[in-house]
Amino acid sequence: MGVFYFLFYDVRRMSPDEFKNLKTLFKFVLDNAFSDFYREKYRLAGFSSFEATVSPEVFLKLPYLAKEELVAVPPEQRLYFSSEGFWQLASTSGTSRQKPAFFYIRPEYSSHPGIELLSGRGVKRAMFLNNPARFPNTYHHCERLGLTLIYGDPLNLRGAAYQAKVARIEGLITSPTLALDFAPHLKEMLNPSEIRLIKLSGELVTPLRFSSLRDNYPAAFIESSYGLLETGTLGFQCEVLAREGGLKHHFNPQNYYEITDEGELVVTHLKLNPRFGTPLIRYRTGDFVSLMEENCRCGRPEKLFILQGRGGGDLVKVGGGLIMADEVEKVIGHFPGVKDWLLHVWEVKADEKIKVRLFLEVTEDNVGLPSPQRIAEQFSKIFYVGGHTTLEEAVSRGLFLPLEVKIVSTIARPGFKAGHLESHL
Ligand SMILES: [Zn+2]
């Protein structure tokens, strides 16, 4: 981890109000009766009398919080509120093979920018096509806004398409992969132009995916927000950005942001939101962004950033699957002749579908290597691109193109990064 510096705004130049929010947050986590999570974390880091001395300088010395730390502790041991009144245990999407982090949610505090967008654009009936764990909360919010929301099962897209027809939906809340998979089923049931608004989250909406979504849902206004289940919305798109369809987002002003010199986004919840059982302080998102100097044409004051990739250098989330550097490394271990390697990840359009293309560059040790063809075959049999799906299976299902392997004399890595994954998304 490199040296952290502040691009978004400097904590030492925080306005009195912003700093007051930060102090309130610290007081809350250190004084509360329910959890020792931060008290223990900061005590171990030598901040035992922290509550009396909170200052911007102290903030800059605080240890970061990693997802692994949250996952390692049962939810009830990092819950900052009485568990009475919490009605939902939410889990991460499970795309990653890490143990999911769980968070309690109180529906009365729920806010969902996507739903506000749907109702704001006059959409009266929408379908939530996503992880069922998140549905009750979303439903509650819709009810307050007078929006009829039905649940569609992502594992039964044909059935969901039938429901969509019967309910005459006008909006869709889902992920980019599901929106694209859903389109052919929906077309059999209703005119895709009936869908006027699509609210996406969960994955990057790459330019290729955006244009494919455009083709499949010609009348839809497509907005993608960026966030994590444990952080809430970190970035949103205004009308200008949604029309452009790029990876630009406005920062959600409810949080405090830091960007590492490597580009990783670090977030602190500034507003105490009881929706989240555990407020996050200096939480490393694992996602990489770059800050834009210019302001948005929409005139909003929130700064703009571009999502560079989710999961940073160690993993690439693509096409509903996940490529993890340490998993690649394990498989590479089966080929003792490999000295160094770099795996490139692209999305390409092939056979009218968006597929993932993987290209593995390897350098050869003195031991010698099998032919590139042989490496590709063996690698594809034992490398998993999703929870239970090998690369070979993903290729046969038409999700990935066959792996390409090339033995090279040296590996040229762009920039200063010494990583093993190169995302071209
Ligand atoms: Zn804007």
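Q: Which residues touch the most other members of the largest nonpolar core?
A: This is a predicted model, in which local features need pLDDT of at least 70, side-chain atom pairs count only at pLDDT 80 or more, and totals for chains, interfaces and linings use all residues. Residues are numbered from 1 along each chain as its sequence is written. A nonpolar core is a set of buried Ala, Val, Leu, Ile, Met, Phe, Trp, Tyr and Cys residues joined through C-beta atoms within 7 Å, where buried means 20 or more other C-beta atoms within 10 Å, exposed 12 or fewer, and partly exposed in between, with C-beta atoms placed from the backbone. Of the 88 residues in the largest such core, those touching the most other members are Ala126, Met127, Leu172, Ala179, Ile198 and Ile323.

Q: Which residues does Ile198 touch, not counting residues up to four places away in sequence?
A: Contact requires C-beta atoms, placed from the backbone, within 7 Å. With that sequence exclusion, the partners of Ile198 are Leu172, Ala179, Leu213, Tyr217, Ala220 and Ile222.

Q: Within what arc do the buried residues of α7 fall?
A: Helices are DSSP runs of H or I, at least four residues, and strands are runs of E, at least two, numbered from the N terminus. In helix α7 (residues 135-145), Thr138, His141 and Cys142 are buried. They line one face of the helix, because seen down its axis, by directions from the axis to the C-beta atoms, the buried residues fall within an arc of 100°.

Q: Is Ile407 buried, partly exposed or exposed?
A: Ile407 lies in strand β20 (residues 404-408). Because 16 other C-beta atoms are within 10 Å, Ile407 is partly exposed.

How values were computed:
Contact = placed C-beta atoms within 7 Å.
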